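Let's learn to read a structure together, one feature at a time. Have a look at what is shown below, then follow the conversation.

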Amino acid sequence: MQVSPLLLVAALALAPLAACDDTTKTPATGGVTPPPSPEPGPPKADDAPADGGAEQPSSEPVPPSPDPAPQPPEPPAPSPASFDHAPAGAIPAGQGPGYLDRTVWSPKMCWPMMEAGFPNSQVYGPGGGMGPPGKPSQCDTLNYTLPWRDTFCEARSRANPLCAGSGNGHQGQDIRPATCKKNEHWAVAAEAGTITDIGTYTVTLVAKAAPHYTYRYLHMQMSTLAVKEGDNVAVGQKLGKVSNDFGGTPTTIHLHFELRAGVSGTTSDGKAVTLHTFLPPYLSLAEAYQRKLDGKACGAP
Ligand SMILES: [Zn+2]
């Protein structure tokens, strides 16, 4: 369900933005280990994906024709490209509450990277602060392998009212770039809009079109950003290169991507959405990536 535009609020007035707290194992430098949930069980190596399989073109039998003229066979519809992504809200036991929401909040947004990416956990994946034993490298192929994983409401200390239980959890989606190489892969504007704020490791984009979603990008290489505050950007325009900038706190090479409400309303399960409520971006990202795979223009419906 979409946010009902009951209170159309100018989204340019940004509330103070909380920080992402993705961290990795480097306690010597004072990195904060994300709070483990009560029973931080080992991540499952590979959950079976529940969807994302290739669509099979149905080969309809040609009906017998009374006309003796031969009928050219119908060419089968091309099978659309597909990718494997685990269901929304599916977070392994012990890694946080997750949030099951089937709302595609931003159905027209652009995939926020120029190339492919791997949405999955920075904390519980190899090289993460709670990563599997014996896999210390963030460049482990497990991190650069499908399927996608939803990380909204993964265990964190940050306030997120949509997360069950404590009301704390991860406020966005973490996405590793196409390869484990920092300062190489571009993050791009998910919608046309204005760069309203650039922080120590954050870039905020407010969409021009209603309902004026706020997109926030974390951990790009801040010294080489392609935008500055006040810039109006086109959809798909380069913003910066995916890195691990986190104000001195260690983190892995990834883009933390947030989607925040531009209007008030309610979620499909009746929770209140106020201006700047963090919304789960996973399904919007999945649809945007599918459009990219299908060769549709960035931002196309
Ligand atoms: Zn994050």
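**Strands and a helix**

A: Start here: Thr194 stands opposite Val206 in strand 5. This is a predicted model: local features need pLDDT of at least 70, side-chain atom pairs count only at pLDDT 80 or more, and totals for chains, interfaces and linings use all residues. Residues are numbered from 1 along each chain as its sequence is written.

Q: In which sense do strand 4 and strand 5 pair?

A: Strands (E, at least two residues) and helices (H or I, at least four) are DSSP runs, numbered from the N terminus. Two strands pair if DSSP finds at least two bridges between them. Here, strand 4 (residues 193-198) and strand 5 are antiparallel, with five bridges, and a hairpin of three residues joins them.

Q: What is the bridge partner of Thr204 in strand 6?

A: That partner is Arg216. Strand 5 and strand 6 (residues 214-218) also run antiparallel, joined by five bridges.

Q: Is strand 5 enclosed or exposed?

A: A residue is buried with 20 or more other C-beta atoms within 10 Å of its own, exposed with 12 or fewer, and partly exposed in between; C-beta atoms are placed from the backbone. Strand 5 (residues 202-207) is largely enclosed by the rest of the structure, because six of its six residues are buried.

Q: How many residues of helix 1 are buried?

A: Nine of its 12 residues, so helix 1 is mostly covered. Ala286 is one of those buried residues. His85 lies 201 residues from Ala286 in sequence, yet their C-alpha atoms are 7.8 Å apart.
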